[in-house]
Every structure is written in structure tokens, then in C-alpha cells.
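Student: Could we go through this structure together? I would like to begin with how its parts touch one another.
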Amino acid sequence: MTAAPMDAENTANAQLQLPETAESTASTEEAAERAPSGRPRSAVVRDALGVGVAVGLSGFAFGVTSAGAGLSLAQTCALSLMVFTGASQFALVGALGAGSGAYAAAAGAFFLGIRNAFYGLRLSGLLGLPRALRPFAAQWVIDETSAVALAQPDRASARLGFTVTGATLYVLWNLTTLGGALGAAALGDPADWGLDAAGPAVFLALLAPMLRGRRERATAAVAVLLALVCLPLLPAGVPVLAAALAAPLVLAATRRKEKDR
């Protein structure tokens, strides 16, 4: 006699719980659908294409500058294909154009490119690429691809942003490098047209967004001062290396101030 009411009560409780279970299951499925990407793929692709196109077009300025520094068409295109880091490329051809020796110019470009190794350390864990793909992906580890990838909320979006930015920028940078070098050859001496200033102008444009904080602006100011002081005293290309001392000098000064407080 008592078993029947108990069974009916248990059945009613189970029926009352069914809608909650169904609702929670639906919520879990929706969350699982959103999990692979925290942002819509279209938004990631749009941002990546915007960065790739905007920066890739500046390869024209590099082609013009490299040709004006005396590099051949093959040498100019080889730099963009194999080096593929704008700041180092501009530093190299700028130093060569100023009469610097090849070793001093290469050293300046090398020190500027070291930052990409630190980007690689951060992106390695974020992207989680298979070992077989890492050597190829390393070619695209630069400021722009790192910025787009690190701005994403999850691994899937970071991979997509890195790939689209890298592919777009690599193709455009090399095409515009070729166009700039060919255009400079057709125009003659770039200095006659004022195009010899294109390299420094683009370099400053790339540098300006990085000067956000007080410490960064102080480092830039000290670097400029060191370069100007060393320019008439040292061979071409060496003042750029001397300017690199600005970073440890400013860092030491700021740390000393923090300790004194």
C-alpha cells in the first residue's frame, strides 16, 4: 500500500526535473559550439587582412630604398623573401647606403631582429603548432603577426589571425618590394626625387606606435641623442649599434629611481 504512493511521488519528481536537465543540456551544447573560437572567424580575418594589407604595401618603400642604397634587384628581393622583417631590412640597407661596412650593417639588423625570437617564445605556447610546421611558421613571426595573434581570446582565433596576417603580409611585402625596386630603377637616382627619405620615414612610422609609455619615450630620446653624438665620430652603421645602449641605460636609471622612493 505505501509503495504505490512512493513510486508516484518519485515519478512526479523525475518529471519535474526533466525540463531542467534538457535546458542544461542545451546550454552545454551552445557553449561547446562557441568554445572553438571566442570571436567570429569573419572578425578575425577582417582584422588580419587589414593589418596585412596596410603594412604589406610599405614594401614598395623598401624596394625603392634598397635600390637607392646600391643593392641589385635580386639582392633586394632576396632580403624580403628570406629576412622578412621590415625594421631590420630598412636598417641594413640604410646603413649600407650611408657607406657602412657589411658586417656593421648586418650587426645592426641582427640586433633589431632579436625581438622576433622573444615573440616566438610566446607564440609557441599560444599557437601550439605541430613540430613539423614550426620551422615554416617561424618565418612569419614578426611584429604584426604577433600583435594579431596575441590579441585573440583563444588558440583557434590566434592560429587563424597569425596565418591570415602572415600570408597576406608575406605576399604583399614581396610583391611591393619587387615593384619598388623596379620603379626605382626606372626613375633613376632616388635622391633626385627625394625617395632616399622613404626608408627613415617608414622606419619612424613603424616605431611611433611603440612609444606609448614614459619609459619608451625616454629610451627613444636617449637613443637619438647617442646616435647624433656618435654620427660624426664613428663609421657609418656604428652609431645605430651605440644607440642600442639607450635601453639598458634607461632601465637602470628607472630602477634606481624606484629603489630611492
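Tutor: Let us begin with a term: contact means heavy atoms within 4.5 Å. Please also keep in mind that this is a predicted model.

Student: Which residues in α12 meet residues in α14?
Tutor: On the α12 side they are Arg215, Ala218, Thr219, Val222, Ala223 and Leu226. On the α14 side they are Ala246, Ala247, Leu249, Val250, Leu251, Thr254 and Glu258. By class, the residues of this contact between α12 and α14 are nine nonpolar, two polar and two charged.

Student: And how is a pair like that described?
Tutor: In general, two packed helices are described by the angle between their axes and the distance between the axes. For helix α12 (residues 214-230) and helix α14 (residues 246-260), the axes come within 8 Å and cross at roughly 135 degrees. That makes α12 oblique to α14.

Student: Is that crossing left-handed or right-handed?
Tutor: The crossing of α12 and α14 is right-handed.

Student: Let us step back. How many helices and strands are in the chain?
Tutor: The chain has 14 helices and zero strands. Its pattern along the sequence is therefore a run of α elements, written α-α-α-α-α-α-α-α-α-α-α-α-α-α.

Student: What share of the residues is buried?
Tutor: Of the 261 residues in the chain, 31% are buried.

Student: Which residues make the contact?
Tutor: From α5 come Ala87, Ser88, Ala91, Leu92, Ala95 and Leu96, and from α6 come Ala102, Ala105, Ala106, Ala109, Leu112 and Gly113. The contact of α5 with α6 has 10 nonpolar residues, two polar residues and no charged ones.

Student: How far apart are the axes of α7 and α9?
Tutor: The axes of helix α7 (residues 115-127) and helix α9 (residues 143-150) lie 10 Å apart, and the two helices pack at an angle of about 30 degrees. Angles under 35 degrees count as roughly parallel, so α7 and α9 are roughly parallel to each other. Their crossing is left-handed.

Student: Who meets whom there?
Tutor: In α7, the residues are Arg115, Asn116, Tyr119, Arg122, Leu123 and Leu126; they meet Asp143, Ser146, Ala149 and Leu150 in α9. The residues of the contact of α7 with α9 comprise five nonpolar, two polar and three charged.

Student: Staying with α7, is Leu127 buried or exposed?
Tutor: Leu127, which belongs to helix α7, is buried, because its relative accessibility is 4% and buried means under 20%.

Student: What does Leu127 contact, apart from its neighbours within four places in sequence?
Tutor: Leu127 is in contact with Arg155, Ala158, Arg159 and Phe162, leaving those neighbours aside. Leu127 and Arg159 are 32 residues apart along the chain, and their C-alpha atoms are separated by 5.7 Å.

Student: New topic: Met82. Where is it found?
Tutor: Met82 is found in helix α4. Its relative accessibility is 61%, so Met82 counts as exposed. From Met82 to Gln139 the C-alpha distance is 8.0 Å, and the two are 57 residues apart in sequence.

Student: What about the phi of Phe84?
Tutor: Phe84 has a positive phi of about 50 degrees although it is not a glycine. As a rule, most residues other than glycine have a negative phi. Phe84 lies in the loop between α4 (73-82) and α5, and at 3% relative accessibility it counts as buried.

Student: Finally, how many disulfides does the structure hold?
Tutor: The structure holds zero disulfides. In general, a disulfide is a covalent bond between the sulfur atoms of two cysteines. As for individual cysteines, Cys77 is buried, with a relative accessible area of 17%, and Cys230 is buried at 14% relative accessibility.

Notes. Residues numbered from 1 in each chain as written. Predicted model: local features only at pLDDT ≥ 70, side-chain atom pairs only at ≥ 80, totals over all residues. Heavy atoms only, no water. Axes fitted to C-alpha atoms, helices over the stretch in contact; angles between N-to-C directions. Helix = DSSP H or I, 4+ residues; strand = E, 2+ residues; numbered from the N terminus. Parallel < 35°, antiparallel > 145°, perpendicular 65-115°, else oblique. Left-handed = near helix turned anticlockwise from the far one by under 90°. Nonpolar A, V, L, I, M, F, W, Y, C, P; charged D, E, K, R; others polar. Disulfide = S-S within 2.5 Å. Buried < 20%, exposed > 50% of the residue type's maximum accessible area, 1.4 Å probe, protein only.
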